[in-house]
Amino acid sequence: MLFQIFDAFKARLHESNSKVNQVALETMHKMIPLLKDNLSPVINMLIPAIVDNNLNSKNPGIYAAATNVIQALCQHLDNSLLLQPFCTKAQFLSGKAKQDLTEKLA
């Protein structure tokens, strides 16, 4: 069930409509404290959806929302769940996104 919900939600995190994309990120930010470690089965699917495009976005609202989501993940999830997906993404990112994720890893 969780996979079905987040598979559909993931598409909104890749949405080309910036307003939809930003609302999806803001909604994700609100969901993280509620779901916490229950997100572990879908974390490998969510991290790329949150980071790709959003963390390098030139839209300040999307960038801020993506940064808030990453911060919430670090606050509310066991860091061991985040280590591998963050490392994997950081290897292939560039620019500000790489810097932001590397800082979180440190």
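Q: Let's start with Leu81. Which residues does Leu81 touch, beyond those up to four places away in sequence?
A: Leu81 touches Asp37, Ser40 and Ile43, once residues up to four places away in sequence are set aside. Leu81 itself belongs to helix 5. Keep in mind that this is a predicted model.

Q: How far apart are Leu81 and Val51 in sequence and in space?
A: They are 30 residues apart along the chain and 16 Å apart in space, going C-alpha to C-alpha.

Q: How much confidence does the predictor put in this chain?
A: Look at pLDDT, both over the chain and element by element. The chain averages a pLDDT of 93, and 100% of the residues score at least 70. Confidence is lowest in helix 1, with a mean of 90, and highest in helix 4, at 97.

Q: Let's take helix 4, then. How does its reach compare with what is expected at 1.5 Å a residue?
A: Helix 4 has 17 residues and spans 24 Å from its first C-alpha to its last, close to the 24 Å expected.

Q: Which residues of helix 4 are buried, and where do they sit around the axis?
A: The buried set is Ile62, Ala65, Ala66, Val69, Ile70, Ala72 and Leu73. Seen that way, they fall within an arc of 160 degrees, so they line one face of helix 4. The face turned away from that buried side carries the exposed residues Pro60 and Gln75.

Q: What do the buried residues of helix 4 pack against?
A: Helix 2, helix 3, helix 5 and helix 6.

Q: Can we do the same reading for helix 1: which of its residues are buried, and on what side?
A: Phe6, Phe9 and Leu13 are buried in helix 1. They cover an arc of only 60 degrees around the axis, which puts them on the same side of helix 1. The buried residues of helix 1 pack against helix 2 and helix 3. As for its reach, helix 1 runs over residues 2–13 and spans 16 Å, close to the 16 Å expected for its 12 residues.

Q: Which members of the largest nonpolar core touch the most other members?
A: Count contacts within the set. Of its 31 residues, Met28, Ile50 and Leu73 touch the most other members. The elements giving two or more residues to this core are helix 1, helix 2, helix 3, helix 4, helix 5 and helix 6. Take Leu73 as the example: residues up to four places away aside, Leu73 touches Ile32, Ile43, Ile47, Ile50 and Leu82.

Q: Where is Asn54, and is Asn54 buried or exposed?
A: Asn54 is in the loop between helix 3 and helix 4. With 3% relative accessibility, Asn54 counts as buried. Its side chain reaches the backbone oxygen of Leu13 at 3.2 Å. Leaving out residues up to four places away, the contacts of Asn54 include Leu13, Asn21 and Ile62. Asn21, in helix 2, likewise counts as buried, at 3% relative accessibility. Among the residues in contact with Asn21 are Leu13, Asn54 and Ile62.

Q: What does the side chain of Asp52 make a polar contact with?
A: The side chain of Lys89, at 2.6 Å. Asp52 is in the loop between helix 3 and helix 4, and at 22% relative accessibility Asp52 counts as partly exposed. Setting aside neighbours within four places in sequence, Asp52 is in contact with His14 and Lys89.

Q: Which residue of that loop has a positive phi without being a glycine?
A: The general idea first: most residues other than glycine have a negative phi. Here, Asn53 has a phi near 70 degrees. Asn53 lies in the loop between helix 3 and helix 4 and is exposed, with a relative accessible area of 60%. Lys36 also has a positive phi, of about 45 degrees. Lys36 is in the loop between helix 2 and helix 3, and its relative accessible area of 42% makes Lys36 partly exposed.

Definitions and conventions. Residues are numbered from 1 along each chain as its sequence is written. This is a predicted model: local features need pLDDT of at least 70, side-chain atom pairs count only at pLDDT 80 or more; totals for chains, interfaces and linings use all residues. Side-chain values use heavy atoms; hydrogens and water are left out. Helices (H or I, at least four residues) and strands (E, at least two) are DSSP runs, numbered from the N terminus. The expected span of a helix is 1.5 Å times one less than its number of residues. Buried means under 20% relative accessible area, exposed over 50%, partly exposed in between (1.4 Å probe, protein chains only). The arc is that of the directions from the helix axis to the C-beta atoms. Contact means heavy atoms within 4.5 Å. A nonpolar core is a set of buried Ala, Val, Leu, Ile, Met, Phe, Trp, Tyr and Cys residues joined through side-chain atoms within 4.5 Å. pLDDT is the predictor's confidence in each residue, from 0 to 100. A polar contact is a pair of N or O atoms within 3.5 Å; within protein, one must be able to donate a hydrogen and the other to accept it, and residues adjacent in sequence count only if both atoms are side-chain atoms.
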